[in-house]
Amino acid sequence: MDKASVTLIVLTYNEEIHLARCLESATQLVDKIVVVDSGSTDNTKAIAERCKADFYVNPWPGNQAAQLNWALENLEIRSDWILRLDADEFLNTELVAEIQQKLAETSEGITGYYLKRRVYFMNKWIRFGGYYPIKILRLWRKGFAYCELREMDEHMILTRGDAAVFKNDFSENNLNDISWWISKHNDYASREAREFPKNLQGSKEMLDEGFSKSQEKRKRWYKKNLYNRLPLFIRPFLYFIFRYFLLLGFLDGRRGFIWHFLQGLWYRFLVDVKIFQNKKNST
């Protein structure tokens, strides 16, 4: 059976500390690498070209979903499959071997694959607290998927066909310092607060679209129907208790405590503060 061809798409902005690791992890798998940059001022372009990637610049449209859809709609991609990675992510060698083995044998009815993501924080694999595995649709047949237009938590949507799951993992390990992380999540909190009114709508529709099969649909449904219905400022503490104690986040050790506290309590509390502020400003 002929080998299935794969194009890797990576969106970048000042990713010189991550990009080589990301692209080199996929070298043995992909036939083409496409980097879509939004105006980097560091060595991102030089690294991409050194890794033999096709480098494009498109002004930042406001969110990753719009940037990715621009790439899918405007760039010449001829491969059978498209793989998407963030610059701070990379493929584990076991996953590369699994994709190489199984992709050419995939039936026509399977048009996408969920990949299992390991998240690292301060070089610590976060294994508990409901944070592993996170299954994300990152590999799909060309022309069979698009990215939903959302400010936060955007996902690929298959236009037809079914999705399967690979057994092995890919990893996210951001090497920036904690000041960068806090600044990034401050921006995320602003975006999530703006999305909040929309997230109170459309819950029934989520149940009708593969709720039992899709991890991201289940998480979004729980967020809309449970978490977002709880009182502001109380729900971050309830979520942290649930995640850190009931889902065994404490087993992730000291660095895991920092992660679960910052990402599961501090960040969620900051979102609530911004929602509260937005409501006050609109009255």
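Is E89 buried or exposed? E89 is buried, with a relative accessible area of 0%, where buried means under 20% relative accessible area, exposed over 50% and partly exposed in between, with a 1.4 Å probe and protein chains only. The model is predicted: local features need pLDDT of at least 70 and side-chain atom pairs count only at pLDDT 80 or more, while totals for chains, interfaces and linings use all residues. Residues are numbered from 1 along each chain as its sequence is written, and side-chain values use heavy atoms, with hydrogens and water left out.

**Salt bridges**

- The structure holds 17 salt bridges, each being a side-chain nitrogen of Lys or Arg within 4 Å of a carboxyl oxygen of Asp or Glu.
- E89 meets R117 in a salt bridge, at 3.7 Å from N to O. Since R117 belongs to strand β6 (residues 110–121) and E89 to strand β5 (residues 89–91), the pair ties together parts that are 28 residues apart in sequence. Helices (H or I, at least four residues) and strands (E, at least two) are DSSP runs, numbered from the N terminus.
- R117 is also buried, with a relative accessible area of 13%.
- A network of salt bridges links R84, D86, E89, R117, R138 and E172.
- The side chains of D54 and K32 form a salt bridge of 3.5 Å, N to O. This pair links distant parts of the chain, with D54 in strand β3 (residues 54–57) and K32 in strand β2 (residues 32–37), 22 residues apart.
- D54 is partly exposed at 29% relative accessible area, and K32 is partly exposed at 25%.
- In the salt bridge between E151 and R194, the closest N and O atoms are 2.7 Å apart. E151 lies in the loop between β9 (145–147) and β10 (156–158) and R194 in helix α5, so the pair ties together parts that are 43 residues apart in sequence.

**Nonpolar cores**

- The largest nonpolar core has 42 residues, and those with the most contacts inside it are L8, L23, L83, L91, L103 and L139. Such a core is a set of buried Ala, Val, Leu, Ile, Met, Phe, Trp, Tyr and Cys residues joined through side-chain atoms within 4.5 Å.
- Strand β6 gives the most to this core, with five residues.
- Leaving aside residues up to four places away in sequence, L23 touches L8, V10, I33, V35, A48, C51 and A53, contact meaning heavy atoms within 4.5 Å.

**Helix α8**

- Helix α8 (residues 235–246) has twelve residues. Its buried residues are R235, P236, F240, R243 and Y244.
- Seen down the axis of α8, these buried residues fall within an arc of 145°, so they line one face of the helix; the arc is that of the directions from the helix axis to the C-beta atoms.
- The buried residues of α8 pack against α5 (178–199) and α9 (253–282).

**Aromatic pairs**

- There are 19 aromatic pairs. Rings of Phe, Tyr and Trp (its six-membered ring) pair if their centres lie within 6.5 Å; planes under 30 degrees apart count as stacked, over 60 as edge-to-face and the rest as tilted.
- F233 and F269 form a tilted pair, 5.4 Å centre to centre with 50° between the planes. F233 lies in the loop between α7 (215–225) and α8 and F269 in helix α9, so the pair ties together parts that are 36 residues apart in sequence.
- Ring pairs link F240, Y244, F245, F250, F257 and F261 into a cluster.

Definitions and conventions: Expected span 1.5 Å × (residues − 1).
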